[in-house]
Amino acid sequence: MRERLVTVSVSILFVLACLGLFYVQILRYPYYSKLSQNNSIRIIPINGPRGNILDRNGKVLVTSRLSFDIVIVYNELRDKPRLINLLKDVVGMSGADIAKSLEKASSRAYAPFAIAEDIDKEKAIRFDEESLGLNGVTLETRSRRNYIYKNMGSHVFGYLSEITEDELEDLKDSGYRMRDLIGRSGLEKYYESYLKGTDGGTQIEVDSMGRQTRVLGVKEPICGKDLRLTVDLDLQSIADKLLGSHAGAIVAINPATGEVLALASHPSFDPNVFVRPNNSNERLRLLRDRKGRPMSNRAISGLYAPGSVFKIVTSSAALESGRVKNSSYFTCTGSYKFGRRSFNCWKEEGHGPQNIYSGLMNSCNVYFYNIGRLAGVDALESYAKLFGYGKLTGIDLPDEVKGLAPGRSWKKLYRKDSWYEGETLNYSIGQGYLMVTPIQVACMTAVIANKGMATKPFVVKQIGPSPVTHEGLRSVSLRAQTTDDIRRGMYEVVNNEFGTGKRAKAEGIVAAGKTGTAQNPQGRTHAWFTGFAPFDDPRICVVVFLEHGGKGGVEPAGIARQIFEEARRIGYL
Amino acid sequence: MMMNRRNFKDFDMMLIGITLLLFTIGILAVYSATIAKGLNFSESFVFKQINSLVIGLIILFITISVSYQRFIDLSYFIYIVNVLLLVLVLVLGQARLGAQRWFSIGGFAFQPSEFIKLSLILVLSNYVGNRKNSSWGFGSLIIPCIVLAIPFILVLLQPDLGTALLLVPVFFSILIVGGANLKHLGLMAITGLAALPVFWQILRDYQKQRLLVFINPNIDPLGAGYTIIQSKIAIGSGGLFGKGWQAGTQNRLNFLPERHTDFIFSVIGEEWGFVGALATTFLYFLIVKRAFTIANLTSDLYGKAIANGIGVLLAFQVVINISMTIGLMPVVGIPLPLISYGGTSLIATLTAIGLLVNVEMRRSTF
């Protein structure tokens, strides 16, 4: 009987399941009942440390250190007064703090709660000895993030903070647990999945006194992957030093590859503040500072008018249009009449006749009003976009913003108005609606340095043992004559004794550049300098931006010189 | 089609009664397992589950009102539509719990893999029914194998290992009852086992992990092994009479993950003890027994195969689910029919019961 075959096998399965239930619920009842009563399986996590962050030469920038926490399970505390005394005497906590923490712990009576975090090693050892036999209290070791150079490079590295309950709900499957730290900005955020270690742990059975009776299993932790950066420790450190008390940003990239050599933003913060548990006031101050915005990475998330550094784009648009040649001269009388309005050059008495070289060298507004109008707003817009404005550079850091390269259709759509010719004049000198980030300015400069090849900036060149592949250079189709003319103009800016950027000239380094002084509604002008070196075979592009920093030719150019010099000192140039 | 008097007389109140009883046990357990979430009644799991019951019962009665022979006639069409839905769910299904098993239709999560089990039963029953008096060679196994393989692979890709594996015993039982050569089937089973290494390659990491953990739960006591260990403690500590409804400590203290869905049996075992767990298992056995009785009493091979397939399907779902909660089988993630929270599973099971009643009412007696 075929049906019988099926019926009998199925019945056997049912019988087996019932036998299984009998075994578990009747025969093993005492065992499981005890486990359940004592709630007696404990998991002692073994932290899988986060990956380190290394500079381009392998020097450690960010690492992890061992730290000690005192963790309690509230409903297992038998001798509360003794614990309170120990916390007071050995750890040095105040009575009020202890009371507050115990109160918090009681709201989750079954979950482990860290009552004292990151205590000194000596204290930890003493506590461990003296807390012997104290129920519901354990000393846990955890690895904590250590940002060795504190404020230096903080915007590149980012910071970590404890995972929230909502996030935990989503990320449970990726192996996150309560109290885990997760990247909040910078590389820590962008490369979270690589940096994160996988926790291991020992599962132990404990008796009703909380003593370990046997080990049920061990799972080895897995370390996170190390990130090898393109950033150079020395260049980064001098960039941070040179920014000093200025608000602003410095970006240095290798135009040939897109490697970011240094990326600094000020005001900065010390990411270690977010690691230590007892710094909540400092944390709040950093997060709430609306004016200084120390948490914002100005190099990629700050939007500013580019001012005269944008004249590089205006030059390209005009030269490519064919309406302007390097032999075309326009005379600057100190101002430019447009209708009934008069647009001024920064030099009241005027620059006299100007061509592309002297126009760039003197940063003569009148020259650029003329060639900007000849090119027209549509060409300005399309060349601005060609150079990377109005879109993300795609750097491997979070929270990059794309800024704005305006045009007729943008104005119609967002301002419900048509484009006015007067706005084209402002556009030509990098004012008006235009908004750019310092990293975009660096990418624009790289196009000229590379004679028409655009590059995509990146910070990480190796994850663990495997190199990260990056897209190479991309041609933006400029005529060789155009880039040659602009390069020569930028050469004059730095090397001519009348050049606006002559302060960037360093002994023995042939650099080229462009200054910018951008008016803005908030007050004093923003100061820009962007340049590259060596002139013939550029290996570094430097952008210095100082918020309300005055004239681009003064401080920023001087800072750029010191960066060129440091690059040579370390043997990079 | 109207039901005539004989149909009404044969309407199986007993079968429907047990079904509703199991559903009630399920509702109590789901209530106990989710009360800690503190949801309003209108958004509670219990409320949603009762909604699904209403829909399921409507579908059950629709299933009964049309002769099962119509379903057999349409079986290839139903099967193809269902397979297409599986493809679609893979392409645009929402990712939940790392798996793509759902469609969202008007706020309802719809899981085509729950229905593919029934579609497979219908299409295989059709096949064996059509071959009633012909001989079974090796070649005649080709079409059933293809019919099995397509949804098997699609479901596995979702990835839903449990449901994919369920299709296998259903497949064999229908072919056995349908008259296929037992030697050939045996040979096929052996070939299938030999192909396991290939099958292993298709599995996702977490599925491999679960299978490895079954062999040794201590490999990963923090992750995959945790559920098994906690579930065993829950059921084991229930003892003979259990800790009482809503009094399970493992349950209430949040030690059991997924306890209102795949691990609902742990809650029953903990709160109602061995007595409750055994009673629940026995109720399932009665349904399965009933399915086999119906199969035996039906002379029509189509109906016989359907009833048999449904019996095997329910039996394996129940036994696998219970076994995984007490660590007798790997955690493969299949719900306990009628009891686990989940609309599609409930509706699919009720449809299966409907088919069963249908066969019983319309069978041609000897």
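Visitor: What should I know before we start?
Guide: This is a predicted model, in which local features need pLDDT of at least 70 and side-chain atom pairs count only at pLDDT 80 or more, while totals for chains, interfaces and linings use all residues. Residues are numbered from 1 along each chain as its sequence is written, and chains are lettered from A and ligands numbered from 1 in the order in which they are written.

Visitor: How many helices and strands does chain A have?
Guide: Chain A has 22 helices and 23 strands, these being DSSP runs numbered from the N terminus (helices are H or I with at least four residues, strands E with at least two).

Visitor: And what share of chain A counts as buried?
Guide: Of its 573 residues, 46% are buried, where buried means 20 or more other C-beta atoms within 10 Å of the residue's own, exposed means 12 or fewer, and partly exposed lies in between, with C-beta atoms placed from the backbone.

Visitor: Let's go to H19(A): which residues are buried there?
Guide: In H19(A), residues 421–428, they are Thr424(A), Leu425(A), Tyr427(A) and Ser428(A). Seen down the helix axis they fall within an arc of 160°, so they line one face of H19(A); the arc is taken over the directions from the axis to the C-beta atoms.

Visitor: What do they pack against?
Guide: The partners, in chain A, are helices H14 (311–321), H16 (365–375) and H17 (377–386), together with strands S14 (335–338) and S15 (341–344); contact means that C-beta atoms, placed from the backbone, lie within 7 Å. H19(A) is followed by Gly430(A), which has a positive phi near 75°.

Visitor: Switching topic, how do H1(A) and H14(B) cross?
Guide: The axes of H1(A), residues 2–27, and H14(B), residues 264–297, come within 11 Å and cross at roughly 180°, with axes fitted to C-alpha atoms over the stretch in contact and angles running from 0 to 180 degrees between N-to-C directions. The two helices are therefore roughly antiparallel; angles over 145 degrees count as roughly antiparallel, under 35 as roughly parallel, 65 to 115 as roughly perpendicular and the rest as oblique.

Visitor: Which residues meet there, and of what class?
Guide: Among those in H1(A) are Val10(A), Phe14(A) and Leu21(A), and H14(B) contributes residues including Phe274(B), Phe285(B) and Phe292(B). By class, this contact has 14 nonpolar, 6 polar and 1 charged residues, with Ala, Val, Leu, Ile, Met, Phe, Trp, Tyr, Cys and Pro taken as nonpolar, Asp, Glu, Lys and Arg as charged, and the others, Gly among them, as polar.

Terms used: Two residues are in contact if their C-beta atoms, placed from the backbone, lie within 7 Å.
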